[in-house]
2 protein chains.
Amino acid sequence: MDENELVNKLSDALGIEYEKLSKHIGRSIRLMKYGELNYVVFRRDLLGYREGTTILLGEEPLIVHGYPSIQRLAFIEGVSKHMIDNVVVEEKMNGYNVRVVYYMNNIYAITRGGYICPYTTARIRKLYSKNIKLAYQEYPDTILVGEVVGTENPYVIYDYPEARGFDYFIFDTMKKDKLQPLRIRDEIAEKYSLKTVRILDIINKRDIDRLKTIINRLEKERREGVVLKDPYQRVPPLKYTTIYINIRDIWEGMRYPFDEGRGYLFSRIVRLIAQGYEYDWNNTELDRIALKLGRAILEPAINSLKKRANGEIIASKYTLVFPSEDDLSKYIEYAESIGMDFIFRVVEKREDGCIVVELFKMKETHNIYTKMLKTGYSPLD
Amino acid sequence: MDENELVNKLSDALGIEYEKLSKHIGRSIRLMKYGELNYVVFRRDLLGYREGTTILLGEEPLIVHGYPSIQRLAFIEGVSKHMIDNVVVEEKMNGYNVRVVYYMNNIYAITRGGYICPYTTARIRKLYSKNIKLAYQEYPDTILVGEVVGTENPYVIYDYPEARGFDYFIFDTMKKDKLQPLRIRDEIAEKYSLKTVRILDIINKRDIDRLKTIINRLEKERREGVVLKDPYQRVPPLKYTTIYINIRDIWEGMRYPFDEGRGYLFSRIVRLIAQGYEYDWNNTELDRIALKLGRAILEPAINSLKKRANGEIIASKYTLVFPSEDDLSKYIEYAESIGMDFIFRVVEKREDGCIVVELFKMKETHNIYTKMLKTGYSPLD
């Protein structure tokens, strides 16, 4: 199909005029292809559709709505203002948001941004093909949303004892653009042996002390935080993250100060400021957190600069395990299509056909550090 | 004169067509008035003129070119790559950049951005009227550029033992848009009893150790840093600031995290990263700086949040001393014309006619903190 036909098809599927759509094609609405399947990505909120909305343009087009962004709490106490009565306290896992759909007899894994990720698709198909297929046969108009976590993925590396190198934990289900009551997710997960994120507690919205106790426990266990939900999703969920992860994010990001570092810094500092206020840190506590924060900012960034001065490449490294050669080549094609600057290195070909690959995503920090070292000039002012 | 006449006059003065100019008026080129004097400010690099260029539209228009931005060194060693042979090491003072001009029998103080600041003008007139007038009579086509420092100004408060509440230290002279050899500045300052910034040393560009010794001394004395210049300005100057001031700036800025804080943070962290690398901090040193950095980020911001929670206003406070009532009212008019959100409080009327005023500049942090505390939500993601 050429672009013209695709936009016509999209126009029919959305009930939006061709002209209205076509002017956004290429910028805000992107035409993509996964194997033979054409699909479309909404790269921002547009024409009544959320950022990250995907339209699969097979014979019968399917609209997969974007997952709504979740309001962040500055203060734990804020939960009592937002919620109605009871609050389901769920673990927020440190990974990446994936909607899994079953479409034209196949499973596709869609990232938060609305792209079908070939790597995630291949791994989820290998793990949960049957379960997901059966689930969608019983709940055809319900979309599973969950977190992919573990050490084997190209986005967020975090080692969870309960997850293998790669696993998928469902946290919501959606019908069209609406989040469904939590019991539907739990029902599906139980029936079809799918994993869900942990429910840590169900509390009354006024029971802030209990909520603080839960968060303090997560803090000690070095977990990311919580998502707080109304059991029936009558009001939108809220999220809250631990001091541990706020500082750890900065640490990870500051290995690439001009990439993730710059983006991570301010938002996470704002979270720490709110936490310092709500927990009323004394001088000793402030010193303890300040030292950690300061080191998280400086140490990884200085280490990267030393590495660059020693001639090393500054790139983020991911270990990926592809179930087959075909999955690998699909991923490389995808990485090129989204303009990723990367280097691949095959590390191992296993007997079961799996291919272990090291992926290096090149960083802007590499170029800026190179220039700094060469000229002696500072890159800012 | 109406706008039309002013643009015509500007067109003549610059030799640029009316149409080319008029489309920028109000946005990139701003028409301003100081008393009876009409003037124009270039708010960005445009039509061959630098950002901060001011054109005084009296009978004979005068173009006061913007002061060039100075390249910052990431590494002290970079100086040897940039310079020709000898390097004048001058103290960089922590204040604000002011061009002083003598025009139509009056002295005007122009800020870096190109505005005539009525406060600075009044104070400099009071201190150095005669000296500056005489200097300009001998050097009519030379513009003095210097730093206003001290505790009595509406921009940068920093207590220098050698400066009174308000003083002016010349660091350059310009002819048209060119920096002049340093001996001209020194000549003028000596002849007319004007102050200059300190010359700390004159070194060979390869004598990095000597330069590092100077910077280490400034570090201990809690001074801002150095500007490094070719004596004849054959190559542009360079600047380098101390770790002390990089962290102090963050501390000051983080009292208003959503205003100065956000802007100060990343650039100053980049400077510290480069310093950590060049000085090859060991673990103890890294801890010492990290703790200071972490506290500079968190403590002032948490304190401001506590203040707001206690119902206080979040605003930056300046003490200004106006030589006369007329100077005060000119300043209020100016503050309104540039859209400043401020509160004034007269503190004292001295016998000599001076009026002491407290100026509170309202901060966006005030509004964001207010909303955070009210809703419990985080302002970012």
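How many disulfides are there over all chains? The count comes to zero. Hello everyone, and before I go on, please keep in mind that this is a predicted model.

Let me stay with the cysteines for a moment. Take C354(A): the closest cysteine sulfur belongs to C117(A), and because those two sulfurs are 16 Å apart, they are too far from each other for a bond. A disulfide would need the pair within 2.5 Å. C354(A) is also buried, at 5% relative accessibility. Over in chain B, C354(B) is in no disulfide either, with the sulfur of C117(B), the nearest one, 16 Å away. C354(B) counts as buried too, with a relative accessible area of 5%.

Now to the interface. On the chain A side, 56 residues are in contact with 56 residues of chain B. Between them the two chains bury about 4,800 Å², and 72% of that is on carbon and sulfur atoms. What about polar pairing? Between chain A and chain B we count 16 residue pairs in polar contact, taking pairs with both residues at pLDDT 80 or more.

Which parts of chain A touch chain B? The elements giving two or more residues are strand 5 (71-72), helix 3 (79-82), strand 14 (238-241), helix 8 (257-278), helix 9 (283-309) and helix 11 (364-375) of chain A. Helix 9 of chain A gives the most, with 17 residues. Sorted by class, this side of chain A has 34 nonpolar, ten polar and twelve charged residues.

Some of the pairing across the interface is charged: there are four salt bridges between chain A and chain B. One salt bridge joins R295(B) to D287(A), with the closest N and O atoms 2.3 Å apart.

That brings me to salt bridges in general. Side chains of opposite charge can pair when their charged atoms come close. How many does the structure hold over all chains? The total is 60 salt bridges. Let me walk you through a few.

In chain A, E77(A) pairs with K212(A), and their closest N and O atoms are 4.0 Å apart. E77(A) sits in the loop between strand 5 and helix 3 of chain A, while K212(A) is in helix 6 (residues 208-220) of chain A, so this pair ties together parts 135 residues apart in sequence.

In chain B, K92(B) forms a salt bridge with E224(B), where the closest N and O atoms are 3.3 Å apart. This one also links distant parts of the chain: K92(B) is in strand 6 (residues 86-92) of chain B, and E224(B) is in the loop between helix 6 (208-220) and strand 13 (225-229) of chain B, 132 residues away. Both K92(B) and E224(B) are buried.

Another pair in chain B is R268(B) with D249(B), with a closest N to O distance of 2.8 Å. R268(B) is buried, with a relative accessible area of 12%, and D249(B) is buried, at 12% relative accessibility.

Last one from me: E90(A), D172(A), R185(A), D186(A) and K229(A) are linked in a network of salt bridges.

Notes: Residues numbered from 1 in each chain as written. Chains lettered and ligands numbered in written order. Predicted model: local features only at pLDDT ≥ 70, side-chain atom pairs only at ≥ 80, totals over all residues. Heavy atoms only, no water. Buried < 20%, exposed > 50% of the residue type's maximum accessible area, 1.4 Å probe, protein only. Contact = heavy atoms within 4.5 Å. Buried area = accessible area lost by both parts, 1.4 Å probe. Salt bridge = Lys/Arg side-chain N within 4 Å of Asp/Glu carboxyl O. Polar contact = N/O pair within 3.5 Å; in protein donor to acceptor, adjacent residues only side chain to side chain. Helix = DSSP H or I, 4+ residues; strand = E, 2+ residues; numbered from the N terminus. Nonpolar A, V, L, I, M, F, W, Y, C, P; charged D, E, K, R; others polar.
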